[in-house]
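Let's take a friendly walk through a protein model together. Have a look at the fold, and then read on.

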Amino acid sequence: MFNLTYEFKLKPTAVQTAIFEDWLEQCRRVYNYALAERKHWFQSRSCQVNACSIRSEFIIPAETKRPTYASQCKNLTAARANIPALGAVQVHVLQQTLRRLEKAFVSMWEQKHGFPRFKKIGGMRSFVFPEMGVNPVQGERVKLPKIGWVKFHQSRPIPDGATIKQARIVKKASGWYVMLTLQWDVSVPTVMPHGEALGIDVGLTNFIATSNGLLVKRQKFFVDAERKLKLLQQRVSRKKLGSNNRKKAQKKVAKLHEYIANCRKDWHWKLAHQLCEDAGMIFVEDLNLIGLSRAMLGKHCLDASWGQFFTILQQTCFKHGVCFQKVSAHKTSQICPNCGVETGKKELSERTHSCSSCGYTTDRDVAAAQVVLIRGLAAVGHTVKMLGEGKFVGIPVNQESSYLIVEECQHRSKSCLQTSDARGYTPTR
């Protein structure tokens, strides 16, 4: 199966907008109730055996089983018969809300995410229709179960032969959107390593540096709009709580945040397409993005949004038939790409790589990208001997060092051949 998601802007009527708002509120209440049920069960099992708390204890019978997605769906069916507001919402939409909570707990257990939190009023921004009827899209209208036909702006045509499997209604500051999941019953082969290889290093001074010497400056989307954002947030703080003027001021802040995110995403897409035009393989660093976002330069790391760029670049590589792979980011800026000698840590003010062993000199970020390239070629089973043969644009031919990399190629080609045998690739000589 092959899936793609298309996003279109809805043009609902006032009645349909009221239905969307009511459904979001019902989904929020179901989510919070199910979360409270699970949280109380966990707290009743975490109390002391030999003593009771001074404040309170959650006493639940020992034979009570842990709430799961299946048991809460069963209780939801009984609740819909007694609560008219829940009965007005399609049952599959509420079940998907419970499944969303289940995924939050799975992420907590397996991916070390935090404990799920309750959603305040307005915190639920989307709901899902997991099943769509036959021919749900006709012209510029989409038929949503239990709601009916809703107009939308069809910014691009829907491909022929695609089946619309589900629809997600999303509320943003600029309006309502529908995200249609299209599915094709085909098997897509994995992209094999081929063509020219490109290593990419990301940073704050230069957003990306490639192994062939390309440097792209970082666009400071959030920092440039920070002054205006501060002014709008001050206006929000001066408005009375719960007033309509405060809601209007909050909407302006949300629109500015959405504008910043849209500008950043558009720039990432354009840059990703530019990189995939002449490359057959692209290698990037496998960074600890969460750790970087919590460091001293966390605001700037989040503004750069490397994680979003890597996701967009991976999707673009898939469309262009380019092999994409992440490699280890350990000491990429401390190793000479020419001789492989570790040069030690560099201060952030040092922007030039100069190896005392072989004399190779280049930009610091370009050198790190070349190290990423060498590791990527070793990972896919290509020999670094291709560097000396000049079969792709890696380390520049006109380098300042007079030494060649023949000895390094011979040393690394052995390890690359071992890696290729383990992975099942045939190395290119």
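## Before we start

Buried means under 20% relative accessible area, exposed means over 50%, and partly exposed is in between (1.4 Å probe, protein chains only). This is a predicted model, in which local features need pLDDT of at least 70 and side-chain atom pairs count only at pLDDT 80 or more, while totals for chains, interfaces and linings use all residues. Residues are numbered from 1 along each chain as its sequence is written, and side-chain values use heavy atoms, leaving out hydrogens and water.

## The overall picture

The protein has 13 helices and 14 strands. These are DSSP runs numbered from the N terminus: helices are H or I with at least four residues, and strands are E with at least two. Of its 429 residues, 40% count as buried.

Now for contacts, meaning heavy atoms within 4.5 Å. Among those between residues at least 6 apart in sequence, 68% join residues at least 24 apart. The accessible surface comes to about 25100 Å², and carbon and sulfur atoms account for 52% of that; such areas come from the Shrake-Rupley method with a 1.4 Å probe, and for residues only the protein chains shown count as cover.

## Salt bridges

Side chains of opposite charge can pair when their charged atoms come close. A salt bridge here is a side-chain nitrogen of Lys or Arg within 4 Å of a carboxyl oxygen of Asp or Glu, and the structure holds eleven of them.

One of these joins E21 and K171, whose closest N and O atoms are 3.0 Å apart. E21 sits in helix α1 (residues 14-45) and K171 in strand β6 (residues 163-172), so this pair links parts of the chain 150 residues apart. E21 is partly exposed at 32% relative accessible area, and K171 is partly exposed at 30%.

R38 and E102 also meet in a salt bridge, 2.6 Å from N to O. Because R38 lies in helix α1 and E102 in helix α4 (residues 91-110), the pair ties together parts 64 residues apart in sequence. R38 is buried at 1%, whereas E102 is partly exposed at 21%.

## Cysteines

How many disulfides are there? A disulfide is a pair of cysteine sulfur atoms within 2.5 Å, and by this rule the count is zero. C336 is in no disulfide: its nearest cysteine sulfur, that of C339, is 3.7 Å away. C336 is buried, at 1% relative accessibility, and C27 is buried too, at 0%.
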